[in-house]
Each structure stands twice: as structure tokens, then as C-alpha cells.
Amino acid sequence: MHQRYSFLGRAGKMIEPAVRPLGWDWRIGCAAIASFPAREVVMGVLGVIYHLGRDVDVSGEADQNRLREQLRAARWDDTGKPVYNLPVALSIMVFFALCAQCAATLAVIRRETNSWRWPVFTFVYMTTLAYMGALITYQVSSRLLL
């Protein structure tokens, strides 16, 4: 409950209208926001959001099982339908496969090109491409699979 009112939770709620067409709720939006500095934090952020505690080791089998159960139990606030299904999973995978890599990668692009133009272009282009790919994936797969 408190996660919803944290800075990250509020940011997730703020972008929920933009990510809802991807099949995402505010919690997935929070994980996406937190992933821009480093992709590997996505599962840890979801673990915290779903109340697995501070010392979550998502590489450990016990914590993976706990997170899996929390994800299965997650419901949309307004409809009560499950948040996670195959189209949502596909949408998330496409987004993270296409989205601009972490901030360190953008910093290297900045250093190598000696300009902010290319890292900004890379970030905007790859994020837009990822969003569109995830949108198409979710919309098409939800019509075919659900």
C-alpha cells in the first residue's frame, strides 16, 4: 500500500494511462521507470512492490516462487482481472528487448561521440520503438489469445 504513495509509485500512477495500452498497470510502469538506470533492477523493484521484503534475492528459488505467486495474484484495481497474462508478458519482453539500454550505455555513447545528440536520439528512438513494438504485440496478441 505504501509503495503506491512513494515517489516511484506516484510516477508509476502518473504514467499508467500511457502504459495501459501495453497491458501494464502502475506497478509494471514503476519497474520500467526504475530500469532506465540499470535493467537488472526490474525484478528487485517488482519484489519490493509486491511486498517480498528488502532482502529479496530473485535469483533464489524460494524468492522466485514467492514473486511468481504474487504476480499471479496481482489484479487490476478497477476490474479485478489478473494483471499478468501471456499478452502482457510478451509486451514486457518486447519492450525490454527493444528499449534503449541502461544509462551507462548512453553515457558511453556520449563519451564516444563527444555530443549529447546521439545519446538523446538513441534514447528517444529506442524507447519509441520499444513502446510501439510492445503496443502492437499486446494489442495483437490480446485479440488472438484472449
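**Why these words? Helix packing and a pocket**

Author: Let's start with the largest pocket: α5 gives the most to its lining, with five residues. This is a predicted model, where local features need pLDDT of at least 70, side-chain atom pairs count only at pLDDT 80 or more, and totals for chains, interfaces and linings use all residues. Residues are numbered from 1 along each chain as its sequence is written, and side-chain values use heavy atoms, leaving out hydrogens and water.

Reader: Which other helices supply at least two residues of that lining?

Author: Besides α5 (86–98), they are α2, α3 (42–49) and α4 (61–73). Helices here are DSSP runs of H or I with at least four residues, numbered from the N terminus.

Reader: What makes residues of the lining count as nonpolar, polar or charged?

Author: Ala, Val, Leu, Ile, Met, Phe, Trp, Tyr, Cys and Pro count as nonpolar, Asp, Glu, Lys and Arg as charged, and the others, Gly among them, as polar. So the lining divides into 15 nonpolar, two polar and one charged.

Reader: Why are α1 and α2 called roughly perpendicular?

Author: Helix α1 (residues 7–19) and helix α2 (residues 26–35) pack at about 115°, with axes 8 Å apart. Angles of 65 to 115 degrees count as roughly perpendicular, and therefore α1 and α2 get that name.

Reader: Which residues of α2 make the contact?

Author: Trp-26, Gly-29, Cys-30, Ile-33 and Ala-34 do, meeting Leu-8, Gly-9, Ala-11, Gly-12, Lys-13, Ile-15 and Glu-16 of α1. Contact means heavy atoms within 4.5 Å. By class, that's seven nonpolar, three polar and two charged residues.

Terms used: Axes fitted to C-alpha atoms, helices over the stretch in contact; angles between N-to-C directions. Parallel < 35°, antiparallel > 145°, perpendicular 65-115°, else oblique.
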